[in-house]
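Trainee: I would like to learn how to read surface features. Please take me through an example.

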Amino acid sequence: MTKKEMEMEMEPKRGTEKVEEMKAKVAQVQGVMRENIEMVMDRGEKIDILVDKAQDLQKEAGYYRDNGRAIKRKMWCKNMKIKLTVIAVLILILVLIIWSSICGGFNCNN
């Protein structure tokens, strides 16, 4: 075989090697792209979960706020009832003291 013939036989092998190299690089790039797509999908799922949790927290915060207001009103009413009761008792005691001092005791004949 001549030198030219040997070179011609080697050329197709080099071309085939290049094609195989390119196929390997394409496969590698495809693998990286698949991983990236999976990561983006996972991130999207995590974001959806976070959005759902944020909405749940917002609902719970509204519920907590409304219940807090209701309890605050209820306690204010209870507190006012106690205050009014104490004031009424004090006024009654004051009236009894004034009446007993005017009449000279509980035995008032005048």
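Trainee: Which residues form the negative surface patch?

Mentor: Like charges are joined within 9 Å, and nonpolar side chains (Val, Leu, Ile, Met, Phe, Trp, Tyr) within 5 Å. Asp and Glu count as negative. Here the negative patch consists of E35, E38, D42, E45, D48, D52, D56 and E60.

Mentor: This is a predicted model: local features need pLDDT of at least 70, side-chain atom pairs count only at pLDDT 80 or more, and totals for chains, interfaces and linings use all residues. Residues are numbered from 1 along each chain as its sequence is written, and side-chain values use heavy atoms, leaving out hydrogens and water.

Trainee: Where is D56 placed?

Mentor: A helix is a DSSP run of H or I with at least four residues, and a strand is a run of E with at least two. D56 sits in helix α1, residues 3–103. The protein has 1 helix and 0 strands.

Trainee: What does UniProt list for residues 82–102?

Mentor: An unreviewed UniProt entry lists them as "transmembrane region"; such annotations may be inferred rather than shown by experiment. The span is 100% helix.

Technical notes
Patches are made of residues with over 30% relative accessible area and no salt bridge: like charges are joined within 9 Å, nonpolar side chains (Val, Leu, Ile, Met, Phe, Trp, Tyr) within 5 Å. Accessible areas come from the Shrake-Rupley method with a 1.4 Å probe; for residues, only the protein chains shown count as cover. A salt bridge is a side-chain nitrogen of Lys or Arg within 4 Å of a carboxyl oxygen of Asp or Glu. The place of a charge is taken as NZ of Lys, CZ of Arg, CG of Asp or CD of Glu.
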